[in-house]
Amino acid sequence: MSVLVGLPDGRVRTFCKGASEIVLKMCDKIIDNNGTTVDLPQEKAKIVNDTIDGFANEALRTLCLAVKDIDETQGENNIPETGYTLIAIVEIKDPVRPGIKEAVQKCLAAGISVRMVTGNNINTAKAIARERGILTEGGIAIEGPEFRNLSPEQMKDIIPRIQVVAVTGDGTNDAPALHESDIRLAMGITGTEVAKENADVIIMDDNFTTIVKVAKWGQAIYINIQKFVQFQLTVNVVALIANFVSASITGAAPLTAVQLLWVNLIMDTLGALALTTEPPNDGLMERQPVGRKVSFITKPMWRNIFGQNFYQLIVLGVLNFEGKRLLELSGPDSTAVLNTLIFNSFVLCQVFNEINSREIQKINIFKSMFDSWIFLSVILATAVFQVIIVEFLGTFASTVPLTWQFWLLSVLLGVLSMPLAVILKCIPVENLKHQANHNSLAHIPKQPATITHFNCIKAVGLQLPHIATTKILSNPLTNLAFTS
């Protein structure tokens, strides 16, 4: 940045400030300790450059201030780019937001590789990145021109290890970066209007730690929907097959229309309310990002679905075809009692399977369950209404009251789905090792890598805005963009 100031004698004085390594090259003189302007030979310029590097290595941003007197006519067309006198080097220390380093570590643990792209001096960038845990042992810091001069083979070799890139920029790349992303996020305070207009989500506090919350909630929503789909498929398949097989063989379906409506209410409304409203927990950040082409219904989900379907169909099939003989039912109401028992057992199997669905892979299904009052309320309401339907709505629901022995049997058949879920989860169905390693080339696709983009160093913990960019290289199968 330069400014022209008119002097009383008709001359014009040019003041210039900017990136130290650039402004220093424009200077051929310097003001010494006595305030005298002296020449700036190569050896003195090296001393000044070493001073700049020393400041930069302490995570200080530096600016050079320079001045030059010119003729008035000379300044009308172009501001000169050489022949300046170096006045001073200004060092700036930006305070670090609390919790930034911890937030970076959480991102790394979640498989989100953090890349910092900044307009700072490369040494300043490296020092800042080390303070925030972005630049680690074995990581590479490189300047933009140096990177662009590499061959494609060299780029492929170092890209997985690049953690800091020093470039110049003025925010004009906000729109292109967001345009190339699937999920577009902008900073709400210091974000440019172009960025916010092109964003899907605006982060109102301009804080990097908020990105961790975004990732955590994203994981929670995705997993909660998976839980609900797993539960819904189990209920649907069992109800469909049980009624179809029974009607085909015996000519009568064990579940009536009203009973199926109640089951549908459990499956859709109450099931969605219970399984999709659970808040996120810190354990979600230990999961790896989900690739764009990864199937929504995973192999562990299919394992759980098939296992529970098989168990419930066996239970309902035995009760439907052998129930009267095994339970020694006789009399005119034996069919009504048996059908009520089948309906009751089926519903209670869903109640306990709803608890099983809280965890797709982990055995401990009770963790944090008692902290979710919505989930507990849904389970309790389902159980209470089931008792009312069976015991008091006989004509409407086509049920008859059951003895305590049959109630105990129904509960036992439902509870057995829980140890079955434990056994199913012990069956390996896929490689659960980390598939998104930020130091691995295995996951880099042939198309351009996915970039999560910030256009402000504040994103990595500095409260003062300046021209810089921070990028997070997340799962390359899903583009994320954050910009300010």
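Trainee: Which residues of α4 meet Phe208, Thr209 and Val212 in α10?

Mentor: Bear in mind that we're looking at a predicted model. On the α10 side, the residues involved are Phe208, Thr209 and Val212. Their partners in α4 are Ile100, Ala103, Val104, Lys106 and Cys107.

Trainee: And how many nonpolar residues does that contact of α4 with α10 have?

Mentor: Sort the residues by class. There is 1 polar residue and 1 charged residue in the contact of α4 with α10. The nonpolar count is 6.

Trainee: Are α4 and α10 roughly parallel or roughly antiparallel?

Mentor: Helix α4 covers residues 100–109, and its axis comes within 8 Å of the α10 axis. The two cross at roughly 30 degrees, and the crossing is left-handed. An angle under 35 degrees falls in the parallel class, so α4 and α10 are roughly parallel.

Trainee: Staying with α10, is Lys216 buried or exposed?

Mentor: Lys216 sits in helix α10, which runs over residues 208–250. Leaving aside neighbours within four places in sequence, Lys216 is in contact with Pro280, Asn281, Asp282, Leu284 and Met285. The cut-off for burial is under 20% relative accessible area. Lys216 has 15% relative accessibility, so Lys216 counts as buried.

Trainee: What about Ala253, how does its accessibility class come out?

Mentor: Ala253 is in the loop between α10 and α11. Apart from neighbours within four places in sequence, Ala253 is in contact with Asn243 and Ser246. Its relative accessibility is 37%, so the class for Ala253 is partly exposed.

Trainee: What is the C-alpha to C-alpha distance between Ala253 and Asn339?

Mentor: Along the sequence, Ala253 and Asn339 are 86 residues apart. In space, C-alpha to C-alpha, the distance between Ala253 and Asn339 is 8.9 Å.

Trainee: On to α11 and α13, then. Are they roughly parallel or roughly perpendicular?

Mentor: Helix α11 spans residues 257–275 and helix α13 spans residues 334–356. They pack with axes 11 Å apart, at an angle of about 10 degrees. That angle makes α11 and α13 roughly parallel.

Trainee: Which residues of α13 does α11 meet?

Mentor: The α11 side brings Gln259, Trp262, Val263, Ile266, Leu270, Gly271, Ala274 and Leu275. By class, the contact of α11 with α13 divides into 9 nonpolar, 2 polar and 1 charged. The α13 residues are Phe343, Phe346, Val347 and Glu354.

Trainee: Is the crossing of α13 and α16 right-handed or left-handed?

Mentor: Helix α16 covers residues 404–415, and its axis comes within 8 Å of the α13 axis. The two cross at roughly 35 degrees. As for the hand, α13 passes α16 in a crossing that is right-handed.

Trainee: How many charged residues are in the contact of α13 with α16?

Mentor: From α13, the contact includes Val337, Leu341 and Phe352, while α16 supplies residues including Phe406, Trp407 and Leu413. The contact of α13 with α16 has 11 nonpolar and 4 polar residues.

Trainee: Zooming out, what share of the contacts in the protein chain with a separation of 6 or more comes from residues 24 or more positions apart?

Mentor: The secondary structure comes to 17 helices and 14 strands. Buried residues make up 45% of the 484 residues in the protein chain. Of the contacts with a separation of 6 or more, the share from residues 24 or more positions apart is 71%.

Conventions
Residues are numbered from 1 along each chain as its sequence is written. This is a predicted model: local features need pLDDT of at least 70, side-chain atom pairs count only at pLDDT 80 or more; totals for chains, interfaces and linings use all residues. Side-chain values use heavy atoms; hydrogens and water are left out. Helices (H or I, at least four residues) and strands (E, at least two) are DSSP runs, numbered from the N terminus. Buried means under 20% relative accessible area, exposed over 50%, partly exposed in between (1.4 Å probe, protein chains only). Contact means heavy atoms within 4.5 Å. Axes are lines fitted to C-alpha atoms, for helices over the stretch in contact, and angles run from 0 to 180 degrees between N-to-C directions. Angles under 35 degrees count as roughly parallel, over 145 as roughly antiparallel, 65 to 115 as roughly perpendicular and the rest as oblique. Ala, Val, Leu, Ile, Met, Phe, Trp, Tyr, Cys and Pro count as nonpolar, Asp, Glu, Lys and Arg as charged, and the others, Gly among them, as polar. A crossing is left-handed if the near helix is turned anticlockwise from the far one by less than a right angle, and right-handed if clockwise.
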